[in-house]
Amino acid sequence: MAFHLTRLLRGNRDLSTFLTCAAVSFVLLALPPAAKETAGRALSGVVLGPFKRLTTAAIETAQVREENAALRRIAAELMNERNALIEHRQENERLRELLRVLVTFPEEESFELLPARVIGMPGGRVIERMEIDRGAEHGARAGMAVVTPEGLVGKVVTVHPTRALVEPLANASSAVSVVTERGRVRGVLKPRYHAASELTTWQIDYVPARSDVEPGDRVITSGLGGVVPAGLSVGTVTSVEDGPLTMEVDVRLNVDFSKVEHVFVITGTRSGPRPLTDMEEKLLREIEKLSEEEHE
Amino acid sequence: MRLGAYAALAFVAVVLDATVAPEVEILGARPDLLVLVVVYGSLALGSRPATIGGFLMGLVVDTELPEYLGLHAFALAVVGFLSAGIWEHLVRSNVFVQCGVLLVATMLHDGIYYLVYYRNHLDMYTSFLARYGLLGGLYTAALGALVFGLARARGWRAIAGDRSP
């Protein structure tokens with residue numbers, strides 16, 4: 001039997017190789033656990049250890065990179081959201097102020113106000129025109145005055161169905177009849193563009209010499225001409241220079257045209273205060289409540 | 001395939017099996033790179049290199065779980081020996097045949113391993129073999145198809161050439 005087996009194995013090297021491997025495997029399996037543990041750990045540390053550490057480091061690096069990219073993306077999204085929130089908060093404050101004006105505009109002479117958003121400012125260094133997102137379909141007409149809570153902005157000059165162009169006081173051809181609130185001195189407010197300094201200032205023309213005008217006097221619209229209603233705040237007198245025939249009266253406007261975002265078109269006036277709607281009364285109460293909370 | 005290349009490939013397979021294979025699991029099953037190398041080793045080089053290669057690769061892998069030191073070595077030696085024997089009776093240039101051999105070889109390897117590992121829990125043995133053995137076998141067979149395609153494209157006649165009996 002043993003002889004035949006030996007002959008078989010000698011004649012078949014493949015089989016003998018396999019049987020040898022199998023035998024060694026069984027011997028290893030039969031080793032005491034402690035010996036297997038010692039041998040296994042030694043072999044594993046030498047053969048696979050360095051590669052496993054290397055691969056683990058590579059995989060972790062790749063994961064960290066992915067995580068880093070994801071975090072960067074999230075950070076960018078959060079930054080955008082934060083900017084949007086800041087923008088919304090600022091817009092909210094502006095709208096709240098506009099709402100306050102819409103609800104509480106001059107009680108003695110109430111105006112029909114059409115809220116509008118400025119959607120364009122064609123022109124170069126001087127703001128020649130403002131484009132608003134309200135037009136004929138909303139009730140806007142050429143010649144109507146345009147205001148903000150701070151005061152007069154200009155007047156509507158061109159009307160399209162859903163938008164309109166406003167000529168602001170900064171426009172070179174702008175001319176508005178005004179009056180000083182204290183001395184009731186009338187004149188025509190016109191812009192002066194200074195090319196050297198690239199600045200626009202405003203002066204009241206046709207003010208007779210020795211008129212009762214002082215720096216600090218409030219300037220309002222006179223209502224002459226029938227285009228712009230009387231009593232709209234325009235600005236403040238900054239300097240006065242008396243001449244032989246007329247005075248030079250410089251005015252600082254209340255409205256900064258470069259920062260105007262929301263305006264009202266005065267579509268009409270009515271005698272006596274306008275009755276508030278339920279919604280407006282509710283809004284007014286909420287605004288007053290918010291204002292009190294802010295003050296506290 | 002030269003013996004040196006086979007040894008290098010076997011070493012790479014052992015390292016990848018211990019490091020990268022867990023990262024490419026599908027439904028808990030991973031490709032059996034060792035079986036892949038042993039089976040193609042038997043195809044290209046014959047029985048003895050495949051058997052010894054399988055045994056040595058299995059031995060290195062066994063060091064990861066010393067309690068069963070020798071078990072992988074035995075299972076892969078069986079795979080190497082039997083696959084070398086079975087190639088003599090098959091059309092080796094057929095991709096489906098190669099994939100089939102890989103599937104059976106993987107299940108054979110897992111069958112031997114799980115049989116010892118779950119010797120006291122035969123119900124777990126069958127479920128593990130049915131799930132991970134079969135899925136792993138299919139995974140390995142799919143990789144085998146890729147190897148076959150690569151062999152065809154590169155002109156490795158030992159693997160892709162028609163040497164049918």
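Me: What share of the contacts in chain B with a separation of 6 or more comes from residues 24 or more positions apart?
Reply: The share is 69%. For chain A, the corresponding figure is 57%. Please keep in mind that this is a predicted model.

Me: How do you know how far the predictor trusts chain B?
Reply: Look at pLDDT, a confidence that runs from 0 to 100. Chain B has a mean pLDDT of 83, and 96% of its residues reach 70 or more. For the complex, the predictor gives an ipTM of 0.81 and a pTM of 0.48.

Me: What makes up the pattern of chain B along the sequence?
Reply: The pattern is α-α-α-α-α-α-α. Chain B has seven helices and zero strands. In chain A you will find five helices and 12 strands.

Me: How many of the residues in chain B are buried?
Reply: Buried residues make up 52% of the 165 residues in chain B. To be counted, a residue must have under 20% relative accessible area. In chain A, 33% of the 296 residues count as buried. The accessible surface is about 7,500 Å² for chain B, with 67% of it on carbon and sulfur atoms. For chain A, it is about 18,000 Å², with 55% on such atoms.

Me: What makes a group of residues a nonpolar core?
Reply: The members must be buried, belong to a set list of residue types that includes Leu and Phe, and be joined through side-chain atoms within 4.5 Å. The largest such core has 45 residues, and L152(A), L169(A), L189(A) and F257(A) have the most contacts inside it. Strand β1 (residues 109-120) of chain A gives the most to this core, with five residues. Another core lies apart from it and has 31 residues, among them V35(B), L36(B), W87(B) and V101(B).

Me: Which residues does L152(A) touch, leaving out those up to four places away in sequence?
Reply: Its partners include V147(A), L169(A), V176(A), L232(A) and V255(A).

Me: Why is the pair of F18(A) and F81(B) called stacked?
Reply: Two rings pair if their centres lie within 6.5 Å, and planes under 30 degrees apart count as stacked. Here the centres are 4.6 Å apart and the planes are at 10 degrees, so the pair is stacked. The pair crosses between chains, linking helix α2 (residues 13-30) of chain A to helix α4 (residues 71-87) of chain B. Both F18(A) and F81(B) are buried.

Me: And why is the pair of Y114(B) and Y118(B) called tilted?
Reply: The centres of these rings are 5.9 Å apart, so they pass the distance test. Y114(B) and Y118(B) are both buried. They belong to a cluster in which ring pairs link Y68(B), Y113(B), Y114(B), Y117(B) and Y118(B). Over all chains, the count is eight aromatic pairs.

Me: How do you know that chain A and chain B are in contact?
Reply: Contact asks for heavy atoms within 4.5 Å. By that rule, 25 residues of chain A are in contact with 27 residues of chain B. The two chains bury about 2,400 Å² between them, 77% of it on carbon and sulfur atoms. In chain A, F18(A), L29(A) and L48(A) lose the most area to chain B, together 22% of what that side buries.

Conventions
Residues numbered from 1 in each chain as written. Chains lettered and ligands numbered in written order. Predicted model: local features only at pLDDT ≥ 70, side-chain atom pairs only at ≥ 80, totals over all residues. Heavy atoms only, no water. Helix = DSSP H or I, 4+ residues; strand = E, 2+ residues; numbered from the N terminus. Buried < 20%, exposed > 50% of the residue type's maximum accessible area, 1.4 Å probe, protein only. Areas by Shrake-Rupley, 256 points an atom, 1.4 Å probe, with all protein chains shown as cover. Phe/Tyr/Trp six-rings, centres within 6.5 Å; stacked < 30°, edge-to-face > 60°. Buried area = accessible area lost by both parts, 1.4 Å probe.
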